[in-house]
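Thanks for coming. I will go through a few local features of one model and then stop. Please have the sequence and the structure open.

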Amino acid sequence: MAYRPSKKFKKTLLGSGAVLVLAALNAPAAVSFASEKYHAYKIAQPGYKKKYGSWGGVSVPDGARINAIHAALLHTGKVLLIAGSGNDQKNFDAGTFDTVLWDPVKNTFKKIPTPEDFFCAGHSQLPDGRLLVAGGTARYEVLDGGVTKAGGGMRVKNESPDKAVTLKKGTRFRSPSGVEYVTTTDVTVPKAKREFEISYFKSGQMKPWKTKVTAAEARVFVEAVEEGPQGLTTEAAQYEVVGLKGEQADDVYGLAQKLTTEKQDFQGIKAAYEFDPKAEKYIPVAPMKDARWYPTLVGLQDGRVLAVSGLNDVGDVVPGDNEIYDPKTKKWTKGPFRYFPTYPSLFLTKGGKLLYTGSNAGYGPAEKGRAPGLWDLKTNKFTPLTGLTDPDQLETSASLILPPAQAQKVMVLGGGGVGESAKSTARTSIVDLNTDSPAFRDGPALPQGTRYLNSVLLPDDTVFTTGGSRDYRGRSGSDILKAQFYDPATNAFAAAADPTVGRNYHSEALLLPDGRVATFGSDPLFDDKDNTKLGTFEQRIEVFTPPYLHKAGADRPVLGEGPRELDRNGRATFRTKDAGRIAKARLMRPSAVTHTTDVEQRSVALELTRGKDGLTVTVDAPEDRTLVPPGWYMLFVTDEAGIPSEAKWIQVPGE
């Protein structure tokens, strides 16, 4: 009987023949096609996934797609994705501000009404699980060559000690030469300060009282009503407020030094809100004293939050006027004065000092506020730290407290030159704060120079790093489709599966309660290597499944019933059939990340005690709130192979 090939064999043979014909016509294309097919086959193999992990996309409905500028994990397990106007001038002009709440378990998306433009705000986890969001955008930048009307900051004075004055948006100021300028926002100037001076004659008799009045001041951005060179000035002058009459016209006036057609930077807002994860809505609280765009908010050991830096309401870097939010009073008070460039990476360390790693997101002179150091908030003393390689390339670098937090080792990864520099560095550097004279020492290099690297702590005590770009905002097709693991125990990197979506400026990554890592955003300048096609914001979500989950399959340690809060001794007991298998326990603070800046995440080692019946485990957290700031944490347990449980949410109370 003659042999008859099967239909499957015929299709395979025809397919091979097509490849051979293609190879004859275009050998490089055939090789590329074959390579892509082989790569897709290779990364789908179980053995590959167990060693390198795997990536998968998330299905996002059309109405839920968002320019994710900010991402924060809430204690409900949902992820808050904040766009505000999403770096889109048209959205800003239309007052269209977006927030989406994503449930990674059900893969559902909910639009959240967004009361302010939180684009480039700051955020911090509060002790009760709410997310503090402060600052944002009052005005978009206008680049050199695009400014048609002279503008700049106007200092508005009020010499009346009897009442404050509010000037609405559109108020006009008139120069001594008759040129008029209009305000772009409302401005309120407090009433002047009245002081009584008491003095005495030599005889001891009291002299008549003298009254001293100190004018109050506020800032507002103004621009010339008309285009043309008549609006330009670099000389200090006093400006009258058009429409004010009598004593008020004498008491309220403007002072300006420089009104030009130079580039006008973004301007911040003073607004602050708490996002309630249970009600799933923003709740207004007292505004900040200073407007801030690109600020860092860092939680302190007592549950309060320090707001640092940012561009103010006239587009200048806040010169050092920091402020502290108290979640009990919902109000702000003055903090210690110190200058930082925008989005500085500040970490709460053991003892209460803040470590500034030097990482930042730009804005500010290259020679000011860039050096790392330890900042004592009580004395306002700043102690510089030495040893950092490529100190001129800290902008857009990543920083994090290495696990566990008790080791007090902090790592800086990658970064680039100030501004739109093409420089990038592969440098990593680590400082050990437990030593007598802490200084940075080089760690293992990244595979290449990398800006905008996202770095995420994992429950097995490794660090997952992914994405970034070689050049500024992914320019010249420089996105890096690579990922790797850093192991603090071996001080070495190991390769991870490659992501399929490029991530540069305005991208985020965070740990989910199931042990996976979600990645969002990316805002390239251009979408091609030749820099001819303007970039589009990346709205796809991609999730990385680490090797430990592929090794585990369905066999993961499981924590059963237990409390939702640590007791006053920092302990909690959970039922589990896996007591004998559990080797480690970690409290992991949920991320609130933007612009490669995530000062929230930390992994805290817990003491572990197994019950005599073999059916319970008790975890014991450090009592030091500088190591474990109050708030909600994910509790992971892992076995000897590093396979983690799904997280249990547990609250660490304040002191």
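How many bridges pair strand 31 (residues 409-413) with strand 32 (residues 428-432), and in which sense? The count is 5 bridges, and the sense is antiparallel. Before I go further: this is a predicted model, so read every value as computed from it.

One of the facing pairs there is lysine 409, which stands opposite aspartate 432 in strand 32. These two strands belong to an open sheet of 4 strands, ordered 30-31-32-33, with antiparallel pairing. At its edges are strand 30 (398-401) and strand 33 (440-442), each of which pairs on one side only. On average, neighbouring strands of this sheet are turned by 25° against each other, with direction ignored.

Phenylalanine 464 stands opposite phenylalanine 485 in strand 36.

Now the loop that links those two strands. Lysine 482 is in the loop between strand 35 (463-466) and strand 36 (483-487). Which residues does lysine 482 contact, leaving aside neighbours within four places in sequence? They are Thr466, Gly467, Asp498 and Pro499. Aspartate 530 is 48 residues from lysine 482 along the chain, and the C-alpha atoms of the two are separated by 22 Å.

For a contrasting loop residue, take threonine 349. Threonine 349 is in the loop between strand 26 (346-348) and strand 27 (354-356). Why does threonine 349 count as buried? Its relative accessibility is 4%, and the cut-off for buried is under 20%. The side chain of threonine 349 reaches the backbone oxygen of lysine 353 at 2.8 Å. Not counting residues up to four places away in sequence, threonine 349 touches Leu355, Leu374, Gln408, Leu433 and Thr626.

Last item, strand 2. Strand 2 covers residues 70-73: His70 and Ala72 point one way, Ala71 and Leu73 point the other way, and all are buried. What does strand 2 pair with? One partner is strand 3 (residues 79-84), in the antiparallel sense over 4 bridges. In strand 3, valine 79 is the bridge partner of leucine 73. The hairpin of strand 2 and strand 3 has 5 residues between the strands, and glycine 77 in that hairpin takes a positive phi near 90°. Strand 2 is also joined to strand 43 (residues 592-593) by 2 bridges, and the two run antiparallel. There, alanine 72 stands opposite alanine 592.

That is the end of my list. I can take questions now.

How values were computed:
Residues are numbered from 1 along each chain as its sequence is written. This is a predicted model: local features need pLDDT of at least 70, side-chain atom pairs count only at pLDDT 80 or more; totals for chains, interfaces and linings use all residues. Side-chain values use heavy atoms; hydrogens and water are left out. Contact means heavy atoms within 4.5 Å. Two strands pair if DSSP finds at least two bridges between them. Buried means under 20% relative accessible area, exposed over 50%, partly exposed in between (1.4 Å probe, protein chains only). A polar contact is a pair of N or O atoms within 3.5 Å; within protein, one must be able to donate a hydrogen and the other to accept it, and residues adjacent in sequence count only if both atoms are side-chain atoms. Axes are lines fitted to C-alpha atoms, for helices over the stretch in contact, and angles run from 0 to 180 degrees between N-to-C directions.
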